[in-house]
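Trainee: I have a structure to study. Can we go through it in short questions?

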Amino acid sequence: MPLLLTALLATLPIDDPPTAWPGFLGARATEVRAAELPLAWTPESGAAWTADLPGQGQSSPIIWGEQVYATSIDGTMKDTCHVTAVDLADGKVAWTWSTPSSQPVRSNYFQSRSAPTPVADAEGVCAFFETGDVVALDHQGEEIWRRSLVEDYGEFESTIGLASSPLLVDGKLILLIDHEGPSYLLALDRATGETAWMTERDSRKSYSSPLLASIGGRIQIVCSADGSVDGYDPADGRRLWTFDQVGGNTSCSPLSFGDGRLLIGASAGMHGEREADARKSNVVLAIDQIDGEFRPRIVWSADKAMPTFASPMVHQGLAYWVNRVGVVFCFDAETGEPKYSERIAQ
């Protein structure tokens with residue numbers, strides 16, 4: 001599997017290396033100046049380098065300091081999980097860590113294949129695989145700890161695979177395990193891998209990722225997954241609020257933009273089977289704190305903007321959705337006023 005990386009420059013936030021894109025959707029990333037990125041590239045032009053990786057992977061690469069990390073999986077039964085470190089400067093492979101899968105399952109194009117994106121910090125990189133394997137490695141590729149969630153909590157039951165990416169907060173590795181069997185939100189101690197807490201969730205088909213949000217001046221874990229949006233306390237996993245007037249939110253991750261404001265995306269489904277729910281579920285949520293309780297409400301909705309997998313985003317006061325045929329919908333993030341909708345040029 002080839003890995004292609006465009007050259008990027010960044011500025012330095014406190015306590016992070018000069019270059020960092022340490023998690024899914026760039027959580028805690030250094031500032032990327034978009035004007036310095038190529039607008040088009042191929043393996044022959046516009047790319048700094050390419051590198052060959054073992055197996056196949058649908059996860060995003062991440063960056064910490066001078067290394068790029070990527071995950072992949074190979075074998076007809078998703079037999080082996082890999083984490084590979086590549087030198088940011090020249091694309092040379094620094095090391096590859098591999099482990100047999102805890103839950104082999106047939107590999108095909110209709111299920112995720114190493115879809116969860118890893119996450120990094122100063123101690124190293126943590127990776128989660130849809131086979132139930134979780135590992136923490138240092139930046140030299142040495143194993144710190146490893147867990148099998150399948151062995152500890154039972155096999156995953158999923159017709160679509162798992163794709164939820166982990167995140168780090170307050171010394172904990174957070175994993176959202178939503179599937180057709182017993183589902184849960186799990187916190188592992190970052191240093192030891194031991195379970196800090198586990199909160200049960202309703203079973204559901206979903207592969208969105210949890211993200212962090214500032215709500216009422218405190219950090220919460222927010223999960224948007226098929227049928228609800230929920231906020232949890234990172235300290236103990238206690239659910240602080242829920243909003244269940246949504247549907248089709250199976251793949252898009254929530255986005256925080258400002259205290260207590262969340263951008264939520266929902267898909268109509270491959271055959272439009274969830275269109276009615278999705279039309280009312282691409283929204284901006286406000287989480288208000290009233291009399292010590294968190295109360296979610298819809299601020300505005302975008303009933304025509306229905307993505308498939310892409311999470312919505314906010315940039316310079318504008319909110320964007322991209323649908324499956326490449327149409328970009330742009331709104332004023334505060335008011336929901338439509339700015340434009342335009343198909344991306346091929």
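Trainee: Which residue is the bridge partner of Val 314 in strand 25?
Mentor: Helices (H or I, at least four residues) and strands (E, at least two) are DSSP runs, numbered from the N terminus. Two strands pair if DSSP finds at least two bridges between them. Strand 24 (residues 313-315) and strand 25 (residues 318-322) pair antiparallel, with three bridges. In strand 25, the partner of Val 314 is Ala 319.

Trainee: What kind of model is this, and which rules apply?
Mentor: This is a predicted model, where local features need pLDDT of at least 70, side-chain atom pairs count only at pLDDT 80 or more, and totals for chains, interfaces and linings use all residues. Residues are numbered from 1 along each chain as its sequence is written, and side-chain values use heavy atoms, with hydrogens and water left out.

Trainee: Which residue in the turn between strand 24 and strand 25 has a positive phi?
Mentor: The two strands form a hairpin. Two residues lie between them. The one with a positive phi, about 50°, is Gln 316.

Trainee: Which residue in strand 26 is the bridge partner of Ala 319?
Mentor: Strand 25 and strand 26 run antiparallel, joined by five bridges. They form a hairpin with four residues between them, and Gly 326 in the turn has a positive phi of about 85°. The strand 26 partner of Ala 319 is Phe 331.

Trainee: Is Val 328 buried or exposed?
Mentor: Val 328 sits in strand 26 (residues 327-332). Contact means heavy atoms within 4.5 Å. Leaving out residues up to four places away in sequence, Val 328 touches Tyr 320, Trp 321, Val 322, Tyr 340, Ser 341, Glu 342 and Ile 344. Its relative accessible area is 14%, and under 20% is buried, over 50% exposed, and in between partly exposed (1.4 Å probe, protein chains only), so Val 328 is buried.

Trainee: Which backbone oxygen does the side chain of His 179 reach?
Mentor: His 179 lies in the loop between strand 13 (172-177) and strand 14 (183-189), and is buried at 3% relative accessible area. A polar contact is a pair of N or O atoms within 3.5 Å; within protein, one must be able to donate a hydrogen and the other to accept it, and residues adjacent in sequence count only if both atoms are side-chain atoms. A polar atom of the His 179 side chain lies 3.2 Å from the backbone nitrogen of Gly 181. The oxygen, at 2.8 Å, belongs to Pro 182.

Trainee: What volume does the largest cavity have?
Mentor: On a 1 Å grid over the protein atoms alone, a cavity is a set of points where a 1.4 Å probe fits but cannot get out; lining residues have an atom within 4 Å of a point. Grid points are joined across faces, edges and corners, and a volume is the space filled by probe spheres set on the points. The lining includes Leu 162, Asp 178 and Tyr 207. The volume is about 40 Å³.

Key. On a 1 Å grid over the protein atoms alone, a cavity is a set of points where a 1.4 Å probe fits but cannot get out, and a pocket is an open set with protein on both sides within 12 Å along at least five of seven lines; lining residues have an atom within 4 Å of a point.
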